[in-house]
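Subject: Structure for your review

Hello,

Here is the structure we discussed.

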Amino acid sequence: MTDSRQQNPLTAGLSETLLPQPCTLIIFGASGDLTRRKLLPAVYNQMLDGILPANFAVLGSSRSVMDDQAFREFAHEGIERYSRQAIDNHHWPDYEHRLFYEPGSLDDPQCYERIKQRLSEIEHEFGIPGNRIFYLAIPPSLIEVTVEQLRTAGLIMPINEPGPFSRVIVEKPIGHDLVSAKKINETLARSFNEEQTFRIDHYLGKETVQNILVMRFGNAIFEPLWNKKYIDHVQITVAEEEGVGTRAGYYDRAGALRDMIQNHLLQLLSLIAMEPPWSMDADVIRDHRMDVLNCLRPVATDNIDQHVIRAQYGPGTSHGAGVPGYRREQDVDPESITETYVAIRAFIDNWRWSGVPFYIRTGKRLPKRSSEIAIHFKAVPPILFNADTNNPLEPNVLALSIQPDEGLSLRIATKLPGPKVRIYPVKMDFRYGSTFGNPSPEAYERLLLDVMAGDATLFMRRDAVEASWAWIENILNAWKSSGARWLPEYPAGSWGPLEADRLVESSNHSWRKL
Amino acid sequence: MSTSQSKAPHIIAHPPRPVDVAAIERELIQVWDEFRDGANDKQAIMRACMSNLMIFCSTEQQATEVAAEIPTIAQLHPARVILLVKKDAHKDAPIEASVSAFCRQLGSGRQVCSEHIRIEANDSNWRHLSPVARSLLIGDLPTTLWWFEHQPPVIQGKLFNELIKMADQLVYDSIGWPNPAEGILAMTRWVSGDGHTNQVVYNLAWRRMRPWRRLIAEALAPEVVPNALDSINDITIEHGPHALPMIWLLIGWMATRLGWQLIKGKLVSGSEISWHFKSGSRALQVCLHRMDSGEPEMQRLMIRWQGDGAPGHANFAKLDAHRMGIVAESSTIPPSVISISHESSATMVARQLAHRERDPLFTNTLEVSRSMAEVLHL
Ligand SMILES: NC(=O)c1ccc[n+]([C@@H]2O[C@H](COP(=O)([O-])OP(=O)(O)OC[C@H]3O[C@@H](n4cnc5c(N)ncnc54)[C@H](OP(=O)(O)O)[C@@H]3O)[C@@H](O)[C@H]2O)c1
């Protein structure tokens with residue numbers, strides 16, 4: 001594939017990152033929730049910020065019958081509700097002018113012929129040199145048919161030939177288990193090379209997550225401590241306040257392990273635990289993340305309850321009002337044993353992390369929406385200020401907060417003013433939003449731009465997706481063979497089941513209060 | 001409704017307090033204490049500081065103008081701001097100083113973001129400005145000198161030389177320079193001279209041209225219009241008053257990146273300049289027309305090319321206050337539009353403070369700009 005940036009002498013030095021290239025974004029699933037809440041607002045914000053390529057258009061498609069105008073109104077409504085920046089009437093006409101829609105069913109070959117025709121008109125009108133990004137914002141069951149049809153219709157450019165590029169973006173979930181994930185990956189690989197395939201995990205687009213690498217490898221003070229000698233344990237939490245909401249149909253078949261751990265939490269784990277990469281090249285970073293997944297100790301299935309806790313929320317409170325338990329939610333099987341909470345004690349069997357527990361937990365209907373990674377350092381020796389065994393000093397904790405506020409904090413011991421030595425833990429806080437004033441772009445904005453620029457660093461590679469499925473499949477199999485008919489419950493609005501507390505207490509630890 | 005539309009944070013400014021130069025640091029501590037005592041929840045006050053920013057102005061009016069912009073800088077890049085004013089008045093009085101602070105209100109408390117120190121000198125005591133500034137710089141942090149005066153910094157001679165020695169970066173704005181050619185010559189000499197160290201040099205006029213550079217680069221990209229960039233033979237630009245130094249940089253940039261060699265230049269009239277370049281055997285001409293009124297910006301840029309195939313042309317124009325693009329009627333390529341995000345000088349400076357490296361593209365552009373000034377024999 002030729003890269004236009006190399007041929008164009010005027011693009012040198014224009015941007016600190018790779019420049020997005022002129023292209024058309026083709027969204028399949030254009031009438032859906034993801035398009036309305038995330039994708040169309042992301043493109044709108046990029047345009048307002050002046051970072052969208054000048055030669056750019058969006059072509060949406062799904063079965064809902066709409067014309068271009070109706071799609072533009074659909075976009076307006078989504079942006080009005082969900083965009084980071086409000087609708088600006090000066091810019092709106094330029095934005096909507098780039099939006100097009102072609103109705104059709106993904107299993108209908110005629111639909112692709114019409115899309116082909118529309119694309120050639122759009123590309124001509126906007127001076128787009130045939131570069132195409134296919135965003136599959138559709139149910140995973142449709143990926144195969146869509147990719148096959150795209151290929152048959154001749155809409156995909158091969159990567160090894162000079163000329164315009166074709167890239168595909170796939171959303172989570174990639175599969176339901178290892179076999180189905182491999183099947184999706186094979187389907188994609190028949191039509192797209194790995195370089196053309198961008199598997200989104202929007203957590204990787206968040207500022208703090210990207211800052212993990214800078215913090216670890218851009219500061220001399222952290223990395224020497226980043227190992228089993230100084231770190232006691234690590235806690236990774238992704239807490240959701242909401243219940244299953246309107247996603248019950250999907251969620252009841254998936255559960256928290258598939259929905260959150262397999263992708264977001266294992267990606268966070270691999271970033272926090274990876275070895276120093278020797279370059280920022282996408283594949284170097286991804287190789288190093290992959291190494292962590294390769295070293296994850298398979299969870300022993302004979303005594304799985306000592307390593308993995310699953311539970312379901314029962315009735316309780318949320319946002320100050322009573323809420324039903326999971327089994328009473330709309331569209332949820334009343335006998336469901338789908339977990340809405342998971343806590344795992346994991347180990348990474350390599351030189352750096354041998355013996356350090358990584359506690360990961362995620363759940364729905366927890367007291368608040370909060371995601372963070374907390375590094376708990378070892379305690380100082382039990383002498384001097386830490387000699388009182390009834391009153392031990394609280395060890396240092398470095399917490400990287402991912403949402404709702406992005407930032408980091410460090411807990412240190414300090415002397416309270418006065419003649420007597422009294423020690424008190426102080427939290428030093430650094431929040432992105434408050435320090436740098438301007439709001440960070442949304443993860444989808446950053447990630448879409450990376451796809452336009454062809455930078456895959458923040459996307460999941462095929463081997464990583466399959467390795468994480470392989471790791472959790474062990475747990476899924478053990479659960480399946482347990483024949484459980486019910487799961488422990490935790491009240492909605494609490495921090496999870498007692499079993500999860502016991503999981504960490506058995507190693508003399510406790511969950512952080514968020 | 002779940003919306004994430006951003007709200008402007010609430011900035012609390014401590015009113016400026018006149019102070020003796022020797023008591024500045026003491027007075028600032030006092031200011032923070034007052035912030036803390038005023039905070040309802042008695043939360044610890046945090047002071048965030050990423051840079052020292054010295055700002056130089058030469059009139060009271062400039063000082064008032066820039067002081068109003070300091071909260072914007074504080075919000076984007078917490079810094080200790082030292083405003084140095086050299087007034088044109090002659091009076092035998094000591095240097096005057098005042099201090100204030102900006103505190104951004106957060107949900108759970110307050111955070112002091114920035115301190116603002118103002119030092120005023122006059123004809124008789126301006127020599128003390130740089131030693132006072134030196135004593136106020138926070139060690140361990142990068143220092144930027146923002147030259148707010150509408151003259152090339154080198155014209156201030158000794159004072160500039162003393163201030164720049166303390167800085168890692170110089171920010172200036174060539175828009176509005178009374179004599180652009182002279183200014184460009186003076187600044188390029190200084191940038192490439194032996195006398196100074198390796199400061200980052202940044203011209204806000206260069207930053208303002210970025211959307212234009214992007215639009216030209218994308219619209220004439222080889223995969224969009226094959227051969228256009230290799231066969232440009234004529235460029236005509238219309239610009240408003242005071243925008244010449246900025247346009248100069250744009251032409252310098254194109255010449256650097258597209259490998260044009262300068263042949264000659266001519267001041268055609270008080271409002272018109274032309275340059276002739278060549279690239280291989282191809283000759284090309286650039287004409288600049290200054291309009292009598294309007295904003296100090298580029299208004300229209302017509303690029304013509306004569307490739308192997310059909311000749312082509314593109315009319316790039318500022319469409320309105322918010323957009324620029326290619327005008328379909330007078331172009332042979334498809335129209336396109338990009339948004340212009342209006343950034344104040346303070347916002348541009350605040351963003352630039354975090355940059356710690358020289359922009360080689362700007363330095364190369366400056367070199368060509370210097371040749372373009374020299375051939376005019378002014
Ligand atoms: N929503 C999110 O925040 C989110 C977050 C992460 C990942 N995801 C993933 O993103 C994908 C889309 O999610 P979503 O929430 O947007 O789902 P959704 O609201 O159910 O939208 C699905 C889209 O697919 C279209 N579609 C379904 N069957 C079709 C067919 N046979 N032919 C053509 N179009 C068809 C639907 O349009 P018509 O009914 O009009 O045909 C609709 O536009 C899913 O894989 C989901 O797991 C979503």
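The model is predicted, and the values here are computed from it.

Ligand site

There are 21 residues around the ligand, and those that come nearest are A:Ser31, A:Asp33, A:Arg37, A:Arg63 and A:Ser64. By class, the shell consists of nine nonpolar, seven polar and five charged residues.

- A:Ser64 has a side-chain N or O atom 2.4 Å from an oxygen atom of the ligand.
- A:Arg63 places a polar side-chain atom 2.7 Å from a ligand oxygen atom.
- A:Leu106 takes part through its backbone, with an N or O atom 3.0 Å from a nitrogen atom of the ligand.

On its own the ligand has 880 Å² of accessible area, and the protein covers 77% of that.

A:Phe56

A:Phe56 belongs to strand β2 of chain A, which runs over residues 56-61. Is this residue buried or exposed? Its relative accessible area is 1%, and the cut-off for buried is under 20%, so A:Phe56 counts as buried. Beyond its neighbours within four places in sequence, A:Phe56 is in contact with A:Cys23, A:Leu25, A:Val43, A:Arg98, A:Phe126, A:Ile128 and A:Met452. One of these, A:Ile128, is 72 residues away along the chain, yet the two C-alpha atoms are 6.7 Å apart.

Helix α6 of chain A

Helix α6 spans residues 143-152 of chain A, and its buried residues include A:Ile143, A:Thr146, A:Val147, A:Gln149 and A:Leu150. They lie on the same side of α6(A), because the arc they cover around the axis is only 165°. In general, an α-helix has 3.6 residues a turn, so residues three or four places apart point the same way.

What do the buried residues of α6(A) pack against? Their partners in chain A are the strands β1 (23-28), β4 (132-136) and β5 (166-170), together with the helices α5 (109-126) and α7 (178-191). After α6(A) comes A:Gly154, which has a positive phi, near 70°.

Chain B

Chain B has 11 helices and 18 strands. Of its 378 residues, 55% are buried. Among contacts in chain B with a separation of 6 or more, 72% are between residues 24 or more positions apart. The accessible surface of chain B is about 16,100 Å², and carbon and sulfur atoms account for 50% of it.

Regards

How values were computed:
Residues are numbered from 1 along each chain as its sequence is written. Chains are lettered from A and ligands numbered from 1 in the order in which they are written. This is a predicted model: local features need pLDDT of at least 70, side-chain atom pairs count only at pLDDT 80 or more; totals for chains, interfaces and linings use all residues. Side-chain values use heavy atoms; hydrogens and water are left out. Helices (H or I, at least four residues) and strands (E, at least two) are DSSP runs, numbered from the N terminus. Buried means under 20% relative accessible area, exposed over 50%, partly exposed in between (1.4 Å probe, protein chains only). Contact means heavy atoms within 4.5 Å. A residue is near a molecule or strand if one of its heavy atoms lies within 4 Å of it. A polar contact is a pair of N or O atoms within 3.5 Å; within protein, one must be able to donate a hydrogen and the other to accept it, and residues adjacent in sequence count only if both atoms are side-chain atoms. Accessible areas come from the Shrake-Rupley method with a 1.4 Å probe; for residues, only the protein chains shown count as cover. Ala, Val, Leu, Ile, Met, Phe, Trp, Tyr, Cys and Pro count as nonpolar, Asp, Glu, Lys and Arg as charged, and the others, Gly among them, as polar. The arc is that of the directions from the helix axis to the C-beta atoms.
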